[in-house]
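Please look at the sequence and the model first, then read the notes below.

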Amino acid sequence: MIVAEQKPLEEISKSLEGFENIVIAACGTCVTVCMAGGEKEALKLASVLELNRAEQAVPVKVKVVTPKRQCDVEFLDDMAEEFGGADVILSMGCGAGVQFMAERFRGKLVLPGINTKFIGVAREIGVWTEMCQGCGACILEKTGGVCPVARCSKSNFNGPCGGSMDGKCEIDPNVDCGWQLIYDRLKELDRVEKLYEIVEPKDWRSSRDGGPRSVEKKEMRLDTDI
Amino acid sequence: MVIHLKKEVEVKAMTIEKSKLQTMLEAGLFTVTAEIGPPMSANAEIVKKSARELLDHIDAANVTDNQTAIVRMSSVAACYLASQEGVEPVLQMTCRDRNRIAIQSDLLGAYALGIRNLLCLSGDHQTFGNHPESKNVYDIDSIQLLQGLRKMKEDKVFMSGKPSKLPAEFFLGATANPFAHPEELQLIRLHKKIEAGAQFIQTQAIYDVEQFARWMEKVRAAGLHKKAYFLAGVLVNKSLKSLEMTKKVAGMQVPDYLVERMRKAASYEEEGVSIALELIEKIKKIEGVSGIHIMAVGWESIVPSIVEKAGFLPRPKLNEVVV
């Protein structure tokens, strides 16, 4: 899932200064699961904003709406009338959600309420960790299902750097060395000999380095003959 | 060698002369190398002074590449300054700050300036340095860099596969840490570095000679000492604090008894030198060790006296080396 974190309250409040009718758009998918921008978090934020404005004697009306996904236009269309009276929309969706909301509701100012962090997993209760950078050319078959691009701080393709110590990364003793994880996994699978292969330089065109990316599934295109 | 160009202009191609370091190692001579850390300024004189101090005491000096991710004078420029003073440089190149375009470009430039030795590194992560907010690159890793540069020599091509009429043909080096774990993984990595193109290996600083000797046994058992020259790293500590800090560095293994010995010493500086000399004495006798690489971070001025006390003088002149 996309993992995100709510922006600091001060930053959100400041960005909403001067607006009276605020619609907070939660998102019902990834950010609900990682508890950054779901309906629950949006309602809590709405209460806090109302309370702050009341303390400052500044009028405000905050409404919370929760599309199933902000990244799918059909869900936005369904709720379009909910945004009608808004002076501003605070999107609690990921970066894709904020931008798609802004495209769909062109007359409205759409502000971000969360910081989008990474593609990751719920590692423990209340802890999410990064697993994938969306580089566009998966090599997990070479590395025992542990990604060196996302999980080695230097995206090394051919083993650990000199900073790997006791299974931890040089940048932080709380961060696992990705290559230790790869080695441990291949050891379990009795496939350590895979590591002798020199992995060639990556073609980064499949990643962000090739410019903004798109995926087209031709059989789904309405204008394509099947 | 004379090349006839289309315009029928005769040009003398740059002589692909081997470095002194490579020539000596191939001749079976024990080498002594040290390091020059470029300054955090544009002051050429600092590099030149370091080089002059080392001159005639070492065979080559590594010139670090923004070590610990702190902005310093470019290693290519500092290598050139050192070579002007008569010290043969070993250019260090990390994968942290440059993509394959910039690396190859800098290396063509370095080669054009007469630099012949190259040490390929991952580079310390930028969070350690003085620009922790910067973006890193890591387009390629150090093994991919070695492989690309070996192909550049053998096939006269860039990493893209496109040809170059006069590519950079460096004497290629890599690093190894005899104390890093898991050992099996580290040895696989060492194998790969040598297979990729490393002709010499500089090791992490050695304090635990017994552990290093066991590691060299494994290197010999795999025949790696026949495929690359192993230059053993020795760090010189000026103070107890410096030794304690060294012990904390990722990948360093400093036995407690050495810290205790330093703690009890009347003079930290004298004890630091004694420890280094004792380490050198033991390490140089280990089979498969082709040279000593002295690292005296922040205390470069001590290197000449260490070299002298270790009995490494006089250093051979290049014209005396018979291959």
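The notes that follow go from the chains to single residues.

This is a predicted model, in which local features need pLDDT of at least 70 and side-chain atom pairs count only at pLDDT 80 or more, while totals for chains, interfaces and linings use all residues. Residues are numbered from 1 along each chain as its sequence is written, and chains are lettered from A and ligands numbered from 1 in the order in which they are written. Helices (H or I, at least four residues) and strands (E, at least two) are DSSP runs, numbered from the N terminus.

**Domains and chain contact**

- Chain A is split into domain 1 (2-117) and domain 2 (133-208), with bounds that come from an automatic or database domain assignment.
- Between the C-alpha centres of domain 1 and domain 2 of chain A there are 37 Å.
- Where the chains meet, 23 residues of chain A contact 29 residues of chain B; contact means that the C-beta atoms of two residues, placed from the backbone, lie within 7 Å.
- The chain A side of this contact has 12 nonpolar, eight polar and three charged residues. Here Ala, Val, Leu, Ile, Met, Phe, Trp, Tyr, Cys and Pro count as nonpolar, Asp, Glu, Lys and Arg as charged, and the others, Gly among them, as polar.

**A sheet in chain A**

- Four strands of chain A make an open sheet with parallel pairing, in the order S3-S2-S4-S5; two strands pair if DSSP finds at least two bridges between them.
- Strand S3 (61-65) and strand S5 (109-112) of chain A are the edge strands, each pairing on one side only.
- From one strand to the next, the twist averages 25°.
- Strand S2 (residues 21-25) of chain A runs parallel to S3(A), and five bridges join the two.
- A:Ile24 has A:Val64 in S3(A) as its bridge partner.

**A helix pair in chain B**

- Helix H5 (residues 142-155) of chain B packs against H6(B) at an angle of about 20°, and the axes are 8 Å apart. Axes are lines fitted to C-alpha atoms, for helices over the stretch in contact, and angles run from 0 to 180 degrees between N-to-C directions.
- H5(B) and H6(B) are therefore roughly parallel to each other (angles under 35 degrees count as roughly parallel, over 145 as roughly antiparallel, 65 to 115 as roughly perpendicular and the rest as oblique).
- On the H5(B) side, B:Ile143, B:Leu146, B:Gln147 and B:Arg150 meet B:Lys192, B:Lys193 and B:Ala196 of H6(B).
- Three nonpolar, one polar and three charged residues make up this contact of H5(B) with H6(B).

**A buried leucine in chain B**

- B:Leu54 belongs to helix H2 of chain B.
- B:Leu54 counts as buried because it has 26 C-beta neighbours inside 10 Å. The cut-offs are 20 or more other C-beta atoms within 10 Å for buried, 12 or fewer for exposed, and partly exposed in between, with C-beta atoms placed from the backbone.
- Leaving out residues up to four places away in sequence, B:Leu54 touches B:Ala34, B:Ala61, B:Val87, B:Val303 and B:Pro304.
- B:Val307 is 253 residues from B:Leu54 along the chain, yet their C-alpha atoms are separated by 9.7 Å.

**Backbone details**

- A cis peptide bond with omega of about -10° links B:His181 to B:Pro182; B:Pro182 sits in the loop between strand S7 (171-176) and helix H6 (183-196) of chain B.
- B:Leu313 and B:Pro314 are also joined by a cis peptide bond, with omega near -5°, and B:Pro314 is in the segment after helix H12 (303-309) of chain B.
- A:Ser155 is not a glycine but has a positive phi of about 50°, and with 21 C-beta neighbours inside 10 Å it counts as buried.
- B:Asp56, not a glycine either, has a positive phi of about 70° and counts as partly exposed, with 13 C-beta neighbours inside 10 Å.
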